[in-house]
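Student: Hi, could we go through this structure together, starting with a sheet and then moving on to the helices?
Tutor: Gladly; let me put it up first.

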Amino acid sequence: MSDFAQTVKQQADIVKVIEGYIRLRKAGAQNYSGLCPFHKEKSPSFSVHAVRQFYHCFGCQASGDVFSFVGKIENVGFPEAVRIVAGKCGIPLPKREFSSPEEAAGARQRARLLELHETATTFFEEQLRGPEGSVAREYLAGRGLTPEGIKAFRIGYSPDSFNALRDRLSGMADNETLRASGLFSSKEQGDGGQGPIYDRFRRRVMFPISNESGRVIAFTARTLDTGDKAGPKYVNSPETPLYSKGQVLFNLDKAKSSIRQHEFALLVEGQMDCISVFLRGIQNVIATSGTAFTEQQVAILRRHTSNVVVNFDPDAAGSNAAEKSIALLTEEGFTIKIVTLDGGLDPDRYIRERGVEAYTAAIKGSRRQSDYLIERARQMFPGASSEQKVKAMNYLLPHIRRMPEKLSRDQFAADAAQKLGIDSAVLREELRQAALKRRDHVELRTTALTEVERVLLRALAISDPENELSRRLAAEALAQQPTWFEHLGTYQALQSLSGRAARDPMDVVEDSAQRALLAEALLAETKPPEQAEVLSAIQEIQERAIENRQRDLRAQIAEAERRGDYADLALLTQQKLDLDRALRQLHNHKPPPS
Ligand SMILES: [Zn+2]
């Protein structure tokens, strides 16, 4: 972390910054809680520690410092998060706040690329209004788009020219930046170098793709030609420093407030579907752009909702991408419902032909994911033969196992058995097993924190000077007698904390379950632990370790007796007596209870 970031972090009040995004209420001496902005919940499991300056969500395990919060909620990188927080705190930015010259150059380039895209968008809009745009205007009118709709989505037209856009933009940036924008193509030369650039999009309807702040970062371009010379129906911007296909959800910038309000997102495949549905008043709609969901997209969506209603195209290719997306969303704990429109229509045509009320009704009538999958299994493997039933079941089993909740799995398995007419005891048992097994998600708050662990975690995590002796006591005990601590649920966290340099305690514990326990210990804290508390915690750990060893020995002694191995028995008994004595001594030295 740069000096500037360090300064900003010291001056920023994480509570104030987070309160700018969500409502917090005081929950303890030094901590606040509220509804987590990163997952959907009804009772608050999101905590902010005013003194230790971190947040932690016990629901989705999101945690970090003020920069990670702002980075996550604004979907920006670290340097940008630092600038935003500095701005909020009124800390003037130094001329250049970058950790390296490359980073500075990268940021300058991205800013320039945004300008290029903005100008290109305006250019395409002008072209659509101009004389050459008439074919495109006709096409759009044919798709039911009004001038207002076209304006809202900034739809445009790229003229039939290899240099119209290049001429417009060439004064704005150097050749290298123009190439990096993805707005141009070039041919490889005989010597391996790249030839001059020319317009990538020609004679196409231009749909801008925006980032979450609503700035254009790429385009999808639809051809207006038919026949041999038409080329691909859709051409997209390539991956650029601004745009990565797997990290953008089309229309999220416009849809996000409606998604939060309605507490679900409507997911469609095509951009045209999305635009059409949105413009008719259903505003919580986003599109995947025809490919399966990526993990980054899931993470982005989760910040707004964990309920998704999916309305994909009924064709086979659509169903494959749909199933992959559904599988990923399921694994990530989303609640999913599936819309199937009758007549095999896509959302765009359905809403135009049947109206928004019929479409709203179809969304309301969406089926649970399990019902949809069972139905699909029956279609793929029709008939009542046991062979077909086994195939249908094998298709469903992975879907069942994927569900994080045991209750949903049970329900799904029971429904499948009933609807597929599975009467074989063996198959039923397989379904039951699928429902029983597989919980990849960590069950939260199952490892209750003991008082001893609370004391040790706090002793190791707090780096105040007045806590230094306590910290050292705990760290030394951990280093010298690691076996005493091994059985603790927080062993990993304790280890990482005792080895850390000056870093934030929440940063050094990587495992999310362990971090949750640490957060719990820190959030309950009012002051660092007293040295006496630490000493007695260590002593208790030692006692427990001895008791464990005693238990082991008792079992070994019983075993030696059974075997009649008296030499071994004598040895083990002696060890046990030593342990008994050690334990007695410990008890005698115990400080009187305060
Ligand atoms: Zn959360």
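Student: So in what order do the strands come in the open sheet of 5 strands, and what is the pairing?
Tutor: Keeping in mind that this is a predicted model, the order in that open sheet is S13-S12-S14-S15-S16, and the pairing is mixed. Strand S13 (285-287) and strand S16 (367-368) stand at the edges with a single partner strand each, so one side of each has no neighbour in the sheet.

Student: How many bridges pair S15 with S16, and in which sense?
Tutor: Strand S15, residues 335-338, pairs with S16 over 2 bridges in the antiparallel sense. Within this pair of strands, Lys337 is the residue that stands opposite Arg368 in S16.

Student: OK, and the open sheet of 4 strands, what's its order?
Tutor: That open sheet runs S6-S9-S10-S11, and its pairing is antiparallel. Its edges are strand S6 (156-158) and strand S11 (234-236), each of which has a single partner strand, so one side of each is left without a neighbour in the sheet. From one strand to the next, the twist averages 35 degrees.

Student: How many bridges join S6 to S9?
Tutor: There are 3 bridges between S6 and strand S9 (residues 204-210), and the two run antiparallel.

Student: Helices now. At what angle do the axes of H16 and H17 cross?
Tutor: Helix H16 (residues 369-380) and helix H17 (residues 386-402) cross at roughly 155 degrees, with their axes coming within 9 Å. Angles over 145 degrees count as roughly antiparallel, and H16 and H17 are therefore roughly antiparallel to each other. The crossing in which H16 passes H17 is right-handed.

Student: Which residues make that contact?
Tutor: From H16 the contact takes Leu373, Ile374, Arg376, Ala377 and Met380, while H17 brings Ala392, Tyr395, Leu396 and His399. By residue class, the contact of H16 with H17 divides into 7 nonpolar, 1 polar and 1 charged.

Student: And H11 with H14, parallel or antiparallel?
Tutor: The axes of helix H11 (residues 271-279) and helix H14 (residues 347-354) come within 8 Å and cross at roughly 30 degrees, which makes H11 roughly parallel to H14. Where they meet, H11 supplies Met272, Asp273, Ser276 and Val277, and H14 supplies Pro347, Asp348, Ile351 and Arg352. The residues of this contact of H11 with H14 divide into 4 nonpolar, 1 polar and 3 charged.

Student: Last one, zooming out: how many helices and strands are in the protein chain, and how much of it is buried?
Tutor: The protein chain has 27 helices and 16 strands, and 48% of its 594 residues count as buried. Along the principal axes, the C-alpha atoms fill a box of roughly 100 × 75 × 55 Å. If you look at contacts between residues at least 6 apart in sequence, 64% of them join residues at least 24 apart.

Terms used: Residues are numbered from 1 along each chain as its sequence is written. This is a predicted model: local features need pLDDT of at least 70, side-chain atom pairs count only at pLDDT 80 or more; totals for chains, interfaces and linings use all residues. Side-chain values use heavy atoms; hydrogens and water are left out. Axes are lines fitted to C-alpha atoms, for helices over the stretch in contact, and angles run from 0 to 180 degrees between N-to-C directions. Angles under 35 degrees count as roughly parallel, over 145 as roughly antiparallel, 65 to 115 as roughly perpendicular and the rest as oblique. A crossing is left-handed if the near helix is turned anticlockwise from the far one by less than a right angle, and right-handed if clockwise. Contact means heavy atoms within 4.5 Å. Ala, Val, Leu, Ile, Met, Phe, Trp, Tyr, Cys and Pro count as nonpolar, Asp, Glu, Lys and Arg as charged, and the others, Gly among them, as polar. Two strands pair if DSSP finds at least two bridges between them. Buried means under 20% relative accessible area, exposed over 50%, partly exposed in between (1.4 Å probe, protein chains only).
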